[in-house]
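Subject: Structure handover

Hello,

Here is the structure for you to look through. My notes on it follow below.

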Amino acid sequence: MNGFNGGLLSALALTVGLGGVATAEPDDDSLTINGEIAIVTEAAAPAHLEYVDTVYSGWRFRSDETQAVQMDDFDNPGMLGVELGIEQWSAVDGSEGESCASCHGDVEDMAGVKAVYPKWNEGAGEVRTIEMQINDCRKTRMGAEEWKYNGGEMTNTVALLASVSRGLPVNVAIDGPAQSTWEKGKEIYYTRYGQLELSCANCHEDNYGNMIRADHLSQGQINGFPTYRLKNTKLNTVHDRFRGCIRDTRAHTFSVASPEFIALELYVTSRGNGLSVEGPSVRN
């Protein structure tokens, strides 16, 4: 989600109430990375969305200058994390003398994996994010210490897995045993939080395309995560972005890796079904 500070949220609360928000629709630019990876940045909304007809990548709401940084891996600073992820992929760690590559082979063979997470894990009886699955592999297969959920090693590896899936459509399953988690995430998405009494939907469904001061509100799609933000000059995780958004409503936020954020991630990811995986993306 493209974040903004408490002052901007105060402005949003005021301007929405007064009907004074300036409109600037997503642009018509197309995204091709390295001149060869075509990215779908606009798609018909998934059938389960009730109030949106078309879904747009956050890339379509950025300036031409910011868009250009993502169009070439040489310019994209998020690819530095991918390079570190490549080193980690082949690094032996833990008591079993294994690496990620020991089981999964070349990372290119993981194309498509990022596109279906979060997903229901039958053996564990829960919805798992890709970070949860990575830590399960590290613990049970490698005999290694779990990584910090939103730490550098984890974020770099998730960026690597995203990078090999770029151009493939997001397609998370929300039916069957995953449905109750999805419903919980939907409830969180539409719940107003904090002193400003704002929900995710207030910004990213009701007001996307609007300009609040200098910020262009996107739909809050997360198909580009991990995201390199120019604001803090690092790769950012989905849960950190969730936490920042809720904090900006002046509310107590949920914790990274909490059941609430796992549910919210499943729901928000499903809102972008049909868009391409494009991480590591570049945003403001």
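First, a definition: a crossing is right-handed if the near helix is turned clockwise from the far one by less than a right angle, and left-handed if anticlockwise. Helices (H or I, at least four residues) and strands (E, at least two) are DSSP runs, numbered from the N terminus.

This is a predicted model, in which local features need pLDDT of at least 70, side-chain atom pairs count only at pLDDT 80 or more, and totals for chains, interfaces and linings use all residues. Residues are numbered from 1 along each chain as its sequence is written, and side-chain values use heavy atoms, with hydrogens and water left out.

**Helices 5 and 6**

Helix 5 (residues 130-140) passes helix 6 (residues 152-163) in a right-handed crossing. Their axes come within 11 Å and cross at roughly 110 degrees. Axes are lines fitted to C-alpha atoms, for helices over the stretch in contact, and angles run from 0 to 180 degrees between N-to-C directions. The two helices are therefore roughly perpendicular (65 to 115 degrees). Contact means heavy atoms within 4.5 Å. On helix 5, I130, E131, I134 and N135 meet M154, T157, V158 and L161 of helix 6. These residues divide into 5 nonpolar, 2 polar and 1 charged. Here Ala, Val, Leu, Ile, Met, Phe, Trp, Tyr, Cys and Pro count as nonpolar, Asp, Glu, Lys and Arg as charged, and the others, Gly among them, as polar.

**Helices 7 and 10**

Helix 7 and helix 10 pack at about 90 degrees, their axes 7 Å apart. That makes this pair roughly perpendicular too. By class, their contact has 10 nonpolar, 3 polar and 4 charged residues.

**The cores**

A nonpolar core is a set of buried Ala, Val, Leu, Ile, Met, Phe, Trp, Tyr and Cys residues joined through side-chain atoms within 4.5 Å. Buried means under 20% relative accessible area, exposed over 50%, partly exposed in between (1.4 Å probe, protein chains only).

The largest core has 31 residues; V55, Y189, F242, L264 and V268 touch the most other members. Helix 10 gives the largest share, 6 residues. Beyond its neighbours within four places in sequence, L264 is in contact with G185, I188, Y189 and F242. A second, separate core of 18 residues includes W89, I130, L160 and Y228.

T233 sits in the loop between strand 10 (227-229) and strand 11 (234-236). T233 is exposed, at 53% relative accessible area.

Best wishes

Methods: Parallel < 35°, antiparallel > 145°, perpendicular 65-115°, else oblique.
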